[in-house]
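This note is meant for a colleague who is opening the structure for the first time. The points below may be read beside the sequence and the model.

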Amino acid sequence: MEEKISIVVPVYNKEKYLYQCLESLRMQTYQNIEILLVDDESTDDSPSVCQRFCQMDMRFRYIRQKNGGQNAARKTGAEMTQGAWVMFVDADDYVSPEMCAVLMQHQEETGADMVYGCIQKVPGKKGENAYHGWDGVLSGKEILRNVLPIGSSVRKRKSGVSGLGCGLFPILMRLEFALDAFRHVDMRIRYSEDLGCLFYILLRVESVAFVPEIVYYYRQTPGSALHAQGRSCLLSTKWLQAFLEKQFREQGMLLEDECLIEQALIRTLLCGGYEFFDDYPGIYPFFQGPRGRRLAVYGAGVVGKELVYKLSGFELAGWFDRDFERYRALRMNVQSPAEIAHCDFDVMVIAIQHPEIAEVVRNSLVEELPLGVQIYTFSEEILCSGYTKRKMKELHDVDENYIYQPRSENEK
């Protein structure tokens with residue numbers, strides 16, 4: 001008999017993408033599922049979309065709650081599940097029809113407590129997934145130390161493997177692990193909140209298996225948490241820091257893996273708390289150089305937007321990305337890489353966190369740029385530097401009344 005899988009979908013103002021998400025769940029070839037739609041007080045037409053699916057298919061259940069964030073919605077859904085297994089799907093993403101069948105079959109073959117599938121970014125190059133190449137069964141602690149894509153140059157990992165994402169998808173897990181995590185996680189964490197839960201679970205789970213098959217399609221949208229341009233994640237990261245340190249300390253791993261926590265927090269701040277590094281003598285953490293030069297930025301993703309929006313001490317000469325048409329449709333002043341040759345600048349910063357991808361971009365640009373132009377990519381080494389350790393201590397002392405005040409156009 002098929003074991004029941006409960007799929008929890010936090011919903012908040014996602015009507016544009018919600019139908020595709022829910023239809024992909026309705027079409028699962030694995031039949032013994034339930035889909036819990038937890039509406040976090042949406043103000044658009046998302047509730048109507050949810051209710052239509054509930055009327056269409058009895059496996060859908062709709063719950064509306066007071067706005068509390070993604071983890072609060074996930075917790076509500078997990079507490080109301082009827083299955084022994086749970087998965088989390090974001091409302092602006094969608095999945096393959098075989099997702100549940102593929103992951104459950106692999107669980108039965110391995111006996112693992114968690115099973116990872118592959119992610120395909122949308123839009124994105126086919127095969128550009130968040131994980132590939134891992135096999136066998138690992139413990140959660142082995143994944144934290146060797147697989148996750150933080151500090152990939154600092155920590156040696158399997159050659160040619162891109163690593164795992166830090167979200168709660170696409171993961172099939174035993175319900176008790178999710179419930180335990182949501183009972184302990186600080187619900188004030190609203191930025192990288194899924195990372196907090198994932199680390200909590202991986203510190204405790206004994207067996208994790210991997211499916212080398214794309215089952216989840218991840219869409220980054222303008223309204224997603226990682227694209228909240230102009231907001232600051234500093235307070236949320238402060239609470240995340242305290243939560244992670246407590247969990248690692250309780251598992252006897254804090255001293256050994258303190259650098260891993262620092263790397264996770266720095267990357268989170270690069271995506272939403274760039275102003276925290278205003279005291280760095282350059283563009284943190286890309287290079288150490290004088291201010292006041294004309295700067296070009298390649299990359300209009302999360303890090304690129306944060307860098308451009310909160311940049312200080314430099315003149316922005318140009319902003320480039322291969323997906324410039326998509327970003328221009330979002331009213332972002334991003335240009336085609338073909339325009340780089342016509343741009344006058346002194347420094348090019350490649351605002352891409354993944355070091356291998358950044359290096360590929362760098363190599364593709366270096367021959368096209370004038371002599372003397374410097375190109376800087378993400379520096380992994382600084383993640384465990386004295387500067388980073390000092391900033392992590394400062395994060396402990398951030399005033400909990402802190403509110404980010406964006407600079408005016410004249411100050412940028």
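Predicted model: local features only at pLDDT ≥ 70, side-chain atom pairs only at ≥ 80, totals over all residues.

1. Helix α1 meets helix α2 through E15, L18, Y19, L22, E23 and R26, and the residues on the α2 side are S46, V49, C50, F53 and M56. By class, this contact is made up of seven nonpolar residues, one polar residue and three charged residues.

2. Two packed helices are described by the angle between their axes and the distance between the axes. For α1 (residues 15-26) and α2 (residues 46-56), the axes come within 9 Å and cross at roughly 20 degrees. Because angles under 35 degrees count as roughly parallel, α1 is roughly parallel to α2. The crossing of α1 past α2 is right-handed.

3. From α7, the residues L195, G196, F199 and Y200 take part, and they meet L240, F243, L244, Q247 and F248 of α8. Seven nonpolar and two polar residues make up the contact, with no charged residues.

4. Which residues of helix α10 are buried? They are V302, V303, G304, K305, E306, L307, V308 and Y309. Eight of the eight residues of α10 (residues 302-309) are therefore buried, and the helix is largely enclosed by the rest of the structure. The charged residues K305 and E306 are among those buried.

5. Is W85 buried or exposed? W85 has a relative accessible area of 1%, and it counts as buried because the cut-off is under 20%. W85 belongs to strand β4 (residues 85-88). Leaving aside residues up to four places away in sequence, W85 touches E3, K4, I5, S6, M104, Q107, A112, D113, L172, M173, R174 and L175. I33 is 52 residues from W85 along the chain, and the C-alpha atoms of the two are separated by 9.5 Å.

6. Several backbone details deserve a look. The peptide bond from F169 to P170 is cis, with omega near -10 degrees; P170 is found in the loop between α5 (140-146) and β8 (171-174). N13, although not a glycine, has a positive phi of about 50 degrees. N13 lies in the loop between β1 (5-11) and α1 and is partly exposed, at 28% relative accessible area. R331 is not a glycine either, and has a positive phi of about 65 degrees. The loop that holds R331 runs between α11 (324-329) and β14 (347-350), and R331 counts as exposed, with a relative accessibility of 83%.

7. For the protein as a whole, there are 13 helices and 15 strands. Of its 412 residues, 58% count as buried. Among contacts with a separation of 6 or more, 78% are between residues 24 or more positions apart.

8. A last point concerns confidence. The average pLDDT of the protein is 86, and 86% of the residues score at least 70. Residues 149-161 have a pLDDT below 50, and this stretch has 40 contacts in the model beyond near neighbours in sequence.

Key:
Residues numbered from 1 in each chain as written. Heavy atoms only, no water. Axes fitted to C-alpha atoms, helices over the stretch in contact; angles between N-to-C directions. Helix = DSSP H or I, 4+ residues; strand = E, 2+ residues; numbered from the N terminus. Parallel < 35°, antiparallel > 145°, perpendicular 65-115°, else oblique. Left-handed = near helix turned anticlockwise from the far one by under 90°. Contact = heavy atoms within 4.5 Å. pLDDT = per-residue confidence, 0-100. Buried < 20%, exposed > 50% of the residue type's maximum accessible area, 1.4 Å probe, protein only.
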